[in-house]
Amino acid sequence: MRRFATTRRQLLGIIGVAQLFLGASYLFPSPMPVGSRDRAFAWVEWLTPHHLGALMMISGAFACIAVAVGVAHLRGADRLERLAYGAVMAPYSALALVFLLSWAIGGNGTGWISAISYSAYTALAYAAAGVADPPDPPATTQPIRLPGGDDANA
């Protein structure tokens, strides 16, 4: 396998796109009649999978926008990337908490498994935020030739 230097921006783009698709999956009803997702949200009246799905789509889109701003070398790109990393960690943390509490309360026997998964996503995003970008390659400059400055006269 060929190795290449990975940047924080590339990792943010991967996380953002994945979060867009995962968030979209939470906007639709669960394919299982009474699946783990439904049981996880049953204990909390004011929060539905749709809420966190929308939050994931918004934060995923924000991450993709931050990547685009960085690629375009616009001012404030580094600050936007840091904010985007925080934004993509929030829904994963919330989902981990929802699933963990649904298991602790007793309504979702497999909630701890999903809690571990979403906690791992949070930890991976946190770790990716701290990745040091590889140094830029050294600039190659060509000597500037001035009129009448031939090396032959030296």
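1. Trp103 is partly exposed, with a relative accessible area of 41%, where partly exposed is the range between buried (under 20% relative accessible area) and exposed (over 50%), computed with a 1.4 Å probe and protein chains only. This residue is found in helix H4; helices here are DSSP runs of H or I with at least four residues, numbered from the N terminus.

2. On the basis of these values: this is a predicted model, in which local features need pLDDT of at least 70 and side-chain atom pairs count only at pLDDT 80 or more, while totals for chains, interfaces and linings use all residues. Residues are numbered from 1 along each chain as its sequence is written, and side-chain values use heavy atoms, with hydrogens and water left out.

3. Helix H4 (77-105) and helix H5 (111-129) each supply at least two residues of the patch, and H5 gives the most, with 3 residues.

4. Phe41 is buried, at 5% relative accessible area, and, not counting residues up to four places away in sequence, touches Tyr26, Leu47, Thr48, Pro49, Leu52, Leu95 and Val98, contact meaning heavy atoms within 4.5 Å. Ser59, in helix H3, is also a buried residue, with a relative accessible area of 3%; leaving aside neighbours within four places in sequence, Ser59 is in contact with Gln19, Ala87, Val88 and Pro91.

5. The whole structure contains 5 aromatic pairs, counted when rings of Phe, Tyr and Trp (its six-membered ring) have centres within 6.5 Å, with planes under 30 degrees apart called stacked, over 60 edge-to-face and the rest tilted. Phe41 and Phe99 form an edge-to-face pair, 6.4 Å centre to centre with 80 degrees between the planes; since Phe41 lies in helix H2 and Phe99 in helix H4, the pair ties together parts that are 58 residues apart in sequence. Phe99 counts as buried, at 3% relative accessibility. The rings of Tyr92 and Tyr118 are stacked, because their centres are 6.5 Å apart and their planes lie at 25 degrees. Ring pairs link Phe41, Tyr92, Phe99, Tyr118 and Tyr121 into a cluster.

6. The structure holds 1 salt bridge, defined as a side-chain nitrogen of Lys or Arg within 4 Å of a carboxyl oxygen of Asp or Glu. Arg9 forms this bridge with Glu81, with the closest N and O atoms 2.6 Å apart, and the pair links distant parts of the chain, Arg9 in helix H1 and Glu81 in helix H4, 72 residues apart. Arg9 counts as partly exposed at 23% relative accessibility, whereas Glu81 counts as buried at 2%.
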